[in-house]
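Visitor: I would like to know how the words used for a structure follow from its values. Could you take me through some of them?

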Amino acid sequence: MAKSLIEELPRIVSEGRREAAQILERLSSGTQIGLQTNELVLPSKDVSGLFKGSTPQIPNAFTMAGGNGEWMNRLIYGDNLLAMQALLAGDAQTGLPSLRGKVGLIYIDPPFDSKADYRTKISLPGTDVEQKPTILEQFAYADTWEDGTISYLKMLYPRLLLMREMLSDKGSIYVHIDWHVGHYVKAIMDDIFGNDNFRNEIIWKRSQNISSIGNVYKRSHDVILFYSKTIDTPLSKVYKEQEESYLSQYKYKDDKGVYRHAPLLVSGRRNGVTGSVWRGINPNECGRNGMHWITKIENLEQLDAEGRIYWPERGGQPMLKYYLDPEKGVLVSDYWDDINLISPTSNESVNYATQKPISLLERIIKASSNEGDLVCDFFGGSGTAAAVAERLGRRWITCDIGKPASLVMRKRFIDQEVKPFLYQSIGDYQKEAFRNNKRYKHVGDLSQVVLGLYGALPFTPEQTNDRNFGYIKGTRTLVMVDSPNRLTTAATIRKAVEAKASLLGGDWEKVVVLGWNFAFDISQAIQKYQNSNVEVLVIPPDLLDKLAKKGFKKLIDDKSVRFSSLQYLVAKPLVVKQNGDQDEIDVELENYVLLSPDNIPLDDKDKEKLQQVLERDPLSLIEYWSIDPDYDGVTFRSTWQDYRENIENDNDPLHCVYKTRLRVPHKAQRKVCIKAVDVFGFESQVIKEM
């Protein structure tokens, strides 16, 4: 019989500690995961089809935000376990030191629902489609829920340990959960942070609707577990608006103001200081089971000296005076019933299913951080924590493994006109990334399977011990299969080209790289090696499901697996006009060629819909595009952006504008880099030289 979750907890703790210890040990040994900067975003969204600002002259891309290497906020796409490893190691390229002991506040809202498949609804002109998660997301979600709550806790434990490493001695962490796993998460957080550092179990009554379906009471609240790094971690008092029922309690008045009474004696017999006799009153003789004072005797004396104690004229127990402060409002307790869920029609909504209210994060961030503190959210979702941190003058880092979440956050931050920030991804998945994933063990050696489906033969162990390589029989074509657990990057292409020149004596005419997930600058890498006769193709994202359902032999027989080329962006030639010391540059998109609908994670009916959109309106698939008018070949500095849902320029939420005019300081030569991200999260870019 399978062990219960309670029996499994010791193993979850042991394995989680060991995994975190290995990560920290690798950091000290120099084996580190880096961050790759996809974009340096200077929020400047299009409002009229024209560039509204001036292009900054930036000698160093990473010192421009605050000058002289000051802090830059970060949006990171990728698994948060890897992101935290990179942040603990530090990012030398962007001048980021190790964040060990540097974070003031962490808020996380990890997903609860083991049955959710995390599909994303995408509205296109004339139709809607539902996108399935990417391969990276599928692996992550499968790991999280493969064995239900046990897998969830296994996922969470090492991550919470790394978060503790990142917190400063005055730092706090809030973990937002619901009824599925709240009690178990409380147990592992007690283990990691210590029960003495457990500050509150906050109840957020998120719904005022009292109707119920089924044989359960209406589930109307979430739980937020609040822990501190040390017992000395401060907490600022937070107040909410005063209600009439609250104001009606203040019935009394003296020369200090309006006040209400509150007991100085509370139930429960105590033998210590608070059970002592004071002013002739023995608290243990008050009430059937005895009472005790709410504070020490010396504090009672101080309160009395300040006139804060009410003494009844005809005897009876003394009472504490609470004066009304009309400016502060009501002191917030651990029961939050004044913040509702976001309505889909609210101006606050960014159309993200698990979006949390701004007022909820405002309360947390104001209570447990100060201006200038670093606030982190490693399950970023819609980006509310980072957006609120920005508004309140805090620094921030947010992270998510979902491409839809990353798109939503980037657009939200630009809409909010935040300070310039870095959009980054995990730079090297090859060193880590789901090494122990067991979900698809039944498909055998995946690289060998993919080689077979492409029509290639594997090499024998005597020929090479790298099982990712194969060849097309009767040709001099080498084939390399990348892993579904990592990004195909420029380094991957370089490795393939080097193998073409050296593997088994070299003399290969061509090398084909088959990849699942691609780095943002992969098209640049392909252009760099275009004279090396290298071809990059996309492995169908639903291949793993097809293997599970049909098996390898069936897929070989029906030839239903198709590998396609990458998507690419086409821009018209630049139109440049010099006007004094400025250049006016007209930039216009011409076409967007997407890889086959068969290789998009969609159901068959949605693939048909997508094909129709591709034929009649291919540019409508552009979700976001941006321009660096003075590209240095290293860092893409986004100084102009437009995206769907930006209706300030064309009042059309389903299309971007596809032409703009930039006014920039004159240069005789420059590179203009144009980057686009489609509705499925695929990125492509094109460089125009003048």
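**Strands, helices and cores**

Guide: Strand 1 and strand 20 (residues 421–426) pair in the antiparallel sense over six bridges. The model is a predicted one.

Visitor: What makes strand 1 and strand 20 a pair?

Guide: Two strands pair if DSSP finds at least two bridges between them. Strand 1 and strand 20 have six bridges, so they pair by that rule. Within strand 20, leucine 422 is the bridge partner of leucine 40.

Visitor: How do you know that strand 1 also pairs with strand 33?

Guide: Two bridges join strand 1 to strand 33, and these strands run parallel. The rule asks for at least two bridges, so the pair counts. Here leucine 40 has arginine 637 of strand 33 as its bridge partner.

Visitor: Why is strand 1 (residues 35–41) called mostly covered?

Guide: Buried means under 20% relative accessible area. Seven of the seven residues of strand 1 are buried.

Visitor: What is the order of the strands in the open sheet?

Guide: Eleven strands form it, in the order 17-7-8-6-3-18-19-2-20-1-33, with mixed pairing. Strand 17 (335–336) and strand 33 (637–638) are at the edges; each has a single partner strand, so one side of each has no neighbour in the sheet.

Visitor: What is the sense of the pairing between strand 3 and strand 18?

Guide: Strand 3 (residues 103–108) and strand 18 (residues 374–377) are parallel and share two bridges. Isoleucine 106 has cysteine 376 in strand 18 as its bridge partner.

Visitor: Which strands does helix 4 touch as it packs on the sheet?

Guide: Helix 4 touches strand 3 and strand 6 (167–177), and its direction makes about 155° with that of strand 6. Helix 5 (residues 182–193) also packs on the sheet, where it touches strand 6, strand 7 (198–205) and strand 8 (221–228). The direction of helix 5 makes about 5° with that of strand 8.

Visitor: How do you know that helix 4 is largely enclosed by the rest of the structure?

Guide: Of its 18 residues, 14 are buried, so helix 4 is largely enclosed. From its first C-alpha to its last, helix 4 reaches 26 Å, close to the 26 Å expected at 1.5 Å a residue.

Visitor: Which residues have the most contacts inside the largest nonpolar core?

Guide: They are Leu160, Ile173, Val185 and Phe378, in a core of 55 residues. Helix 4 (residues 149–166) gives the largest share of this core, eleven residues. Another core, of 39 residues, lies apart from it and includes Val41, Ile202, Ala387 and Ala389.

Visitor: Which residues is isoleucine 173 in contact with, leaving aside its neighbours within four places in sequence?

Guide: Among them are Ile106, Leu160, Met163 and Phe226.

Visitor: Why are cysteine 376 and cysteine 286 called buried?

Guide: The cut-off is under 20% relative accessible area. Cysteine 376 has 1% relative accessibility, so it counts as buried. Cysteine 286 has 15%, so it counts as buried too.

Visitor: Why is arginine 279 called partly exposed?

Guide: Buried is under 20% and exposed is over 50%, with partly exposed in between. Arginine 279 has a relative accessible area of 42%, so it is partly exposed. Its place is in the loop between strand 12 (265–267) and strand 13 (291–293).

Visitor: What is the phi of asparagine 533?

Guide: Asparagine 533 has a positive phi of about 55° although it is not a glycine. Most residues other than glycine have a negative phi. Asparagine 533 lies in the loop between helix 13 (522–528) and strand 27 (534–538). At 40% relative accessibility, asparagine 533 counts as partly exposed.

Conventions: Residues are numbered from 1 along each chain as its sequence is written. This is a predicted model: local features need pLDDT of at least 70, side-chain atom pairs count only at pLDDT 80 or more; totals for chains, interfaces and linings use all residues. Side-chain values use heavy atoms; hydrogens and water are left out. A nonpolar core is a set of buried Ala, Val, Leu, Ile, Met, Phe, Trp, Tyr and Cys residues joined through side-chain atoms within 4.5 Å. Buried means under 20% relative accessible area, exposed over 50%, partly exposed in between (1.4 Å probe, protein chains only). Helices (H or I, at least four residues) and strands (E, at least two) are DSSP runs, numbered from the N terminus. Contact means heavy atoms within 4.5 Å. The expected span of a helix is 1.5 Å times one less than its number of residues. Axes are lines fitted to C-alpha atoms, for helices over the stretch in contact, and angles run from 0 to 180 degrees between N-to-C directions.
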